Amino acid sequence: MNSEGNRVLLLVGSPKAPGKSVSEALGSYVIEKMEARGWSSESIFIRASLQSDEGRAALLEGVKASDLIILSFPLYVDSLPAPVIRAMELISALCCKKNARLAVIANSGFPEAQHNKVAMSICQRFAHASGLEWVGGLALGMGGALSGQRLEEQGGMVGKIIKALDLAVDALVNGESVPDEAIRLMAKPLIPGWMYTTIGNFGWRREAKRHGVRKKLGDRPYQR
Amino acid sequence: MKALVLNGIGDRAQHLDRIGERIVQELRSLRWKTENLILRDIEIAPCMGCFGCWVQTPGVCLIDDAAREVTRKIIGSDLIVYLTPITFGGYSSELKKALDRSIGLISPFFTKINGEVHHRKRYAQAPKLLGVGVAHEPDEESARIFKTLIGRNAINMHNSADAACIVYEDQSATEIEEVVQAGLSELGVRS
């Protein structure tokens, strides 16, 4: 596939500031690799873009001008964050570029990648409703083990993720769907599940202690 | 008994509010004290994913807006109804903005449920959950996703029981009433 003139848009679904989210770290890696393959790119932070008329217009223009949209988001309550759903509602009401494609990257704080399954199905329905070709999604568990740092700077633990994203990029630039091997690699646990939950539970206590509420973690402020 | 309808119908579909009104009427006829919250009229900022509601002010979101009161009402209810246009199989952004801000109702700590990791309960009892999805036309895949989402939410939020039903925009009041009644019966709210 000739990459000349192709345009990829990264939609960052995390509400966090630039440089702070796993969603951005994962999506940016893909975008940079595609730029290296001759694609032009743009990144839009959904929450920020919805805060003004200009931002909403830029979001919709960005979508309309793109051949490939990569939506990278954190799992919120088994689904996508509210601002991402709002963006989807807006996008589905407009005409996307002919033959434009959608791929997604979902990351969940639970150890099992399967928690992302419903959100993936929602993205697929969104693609269908918006006239976008669904080219698949990568689902990651243990997102809490990662940070907003550039992926290459996050140590050996992310090796499988990088391999999965590299495979996805190879396929996407050739006009193909995200390959099964990339999906499988992305879903593989980064560390044993018991270790992730033990470290996670320790982390909640440490953070609470830092804020002086270690003994209030189980509070029920809205108890009837 | 108290019920709370979280009405996630958006600006452009206000004609669907009649469905919320039927639900409220049905619950009131069963002598449930019922409140219908029209979420599009309530300013709720997006969740920032900071986990402050878990580790800074446990159980209370750091953002001081109406979502705190909505969250209080959710856990203070015996039944909550998610009323939403089925949006790509899931919830509308209006409903989701409130749900994203309610995770302080559960604990940050992990536990296993049916072999899968979830968060522990914060409160001893969470309300029953009825999902009412409004569809423009029959769409099996979207209905399947919606019902699965309600079931997954019920596991994560520790709802004591859950059911999901689909109504169609062009259904009559009687038809809608029958579908909602079936959902309430499944939850044991209606005999």
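How many bridges join strand 1 of chain A to strand 2 of chain A, and in which sense do the two run? Six bridges join strand 1 (residues 7-12) to strand 2 of chain A, and the two run parallel. This is a predicted model: local features need pLDDT of at least 70, side-chain atom pairs count only at pLDDT 80 or more, and totals for chains, interfaces and linings use all residues. Residues are numbered from 1 along each chain as its sequence is written, while chains are lettered from A and ligands numbered from 1 in the order in which they are written.

**Chain A: overall build**

- Chain A has eight helices and five strands. Helices (H or I, at least four residues) and strands (E, at least two) are DSSP runs, numbered from the N terminus.
- Read from the N terminus, the order of elements in chain A is β-α-β-α-α-β-α-β-α-β-α-α-α.
- The radius of gyration of chain A is 18 Å, close to the 17 Å that the globule rule gives for 224 residues, so chain A is as compact as a globular protein of that length. The radius is taken over C-alpha atoms, and the globule rule is 2.2 Å times the number of residues to the power 0.38.
- Along the principal axes, the C-alpha atoms of chain A fill a box of roughly 60 × 40 × 25 Å.
- Buried residues make up 46% of the 224 in chain A. A residue is buried if 20 or more other C-beta atoms lie within 10 Å of its own, exposed if 12 or fewer, and partly exposed in between, with C-beta atoms placed from the backbone.
- Of the contacts in chain A with a separation of 6 or more, 76% link residues 24 or more positions apart. Two residues are in contact if their C-beta atoms, placed from the backbone, lie within 7 Å.

**Chain A: domains**

- Chain A is assigned domain 1 (7-190) and domain 2 (192-224). Such bounds come from an automatic or database domain assignment.
- The centres of the two domains of chain A, taken over C-alpha atoms, are 29 Å apart.
- Domain 1 of chain A gives five residues to the contact, and domain 2 of chain A gives five residues.
- On the domain 1 side of chain A, the touching residues are four nonpolar, one polar and no charged. Ala, Val, Leu, Ile, Met, Phe, Trp, Tyr, Cys and Pro count as nonpolar, Asp, Glu, Lys and Arg as charged, and the others, Gly among them, as polar.

**Chain A: the sheet**

- Five strands form an open sheet in the order 2-1-3-4-5, with parallel pairing. Two strands pair if DSSP finds at least two bridges between them.
- The edges are strand 2 (40-45) and strand 5 of chain A, each pairing on one side only.
- Neighbouring strands of this sheet are turned by 15° against each other on average, direction ignored. Axes are lines fitted to C-alpha atoms, for helices over the stretch in contact, and angles run from 0 to 180 degrees between N-to-C directions.
- A:Val12 stands opposite A:Phe45 in strand 2 of chain A.
- Strand 4 and strand 5 of chain A pair in the parallel sense over six bridges. A:Arg101 stands opposite A:Glu133 in strand 5 of chain A.
- Six of the eight residues of strand 5 (residues 133-140) of chain A are buried, so this strand is largely enclosed by the rest of the structure.
- Helix 5 of chain A lies across strand 3 (68-74), strand 4 and strand 5, at about 165° to strand 5 of chain A.

**Chain A against chain B**

- The contact takes 43 residues from chain A and 41 residues from chain B.
- Helix 4 (82-92), helix 5 (117-130) and helix 8 (193-210) of chain A each supply at least two residues of the chain A side. Helix 8 of chain A has the largest share, seven residues.
- The chain A side divides into 21 nonpolar, ten polar and twelve charged residues.

**Chain B: the sheet**

- An open sheet of five strands in chain B has the order 2-1-3-6-7, and its pairing is parallel.
- Strand 2 (33-38) and strand 7 (162-168) of chain B are the edge strands.
- Strand 6 (residues 128-135) and strand 7 of chain B pair in the parallel sense over seven bridges. B:Gly131 has B:Ala164 in strand 7 of chain B as its bridge partner.
- Helix 6 (residues 173-186) of chain B lies across strand 6 and strand 7, at about 175° to strand 7 of chain B.

- A:Asn99 has a positive phi of about 65° although it is not a glycine. A:Asn99 sits in the loop between helix 4 and strand 4 (101-107) of chain A.
- B:Asn114 has a positive phi of about 50° and is not a glycine either. B:Asn114 is exposed, with 6 C-beta neighbours inside 10 Å.
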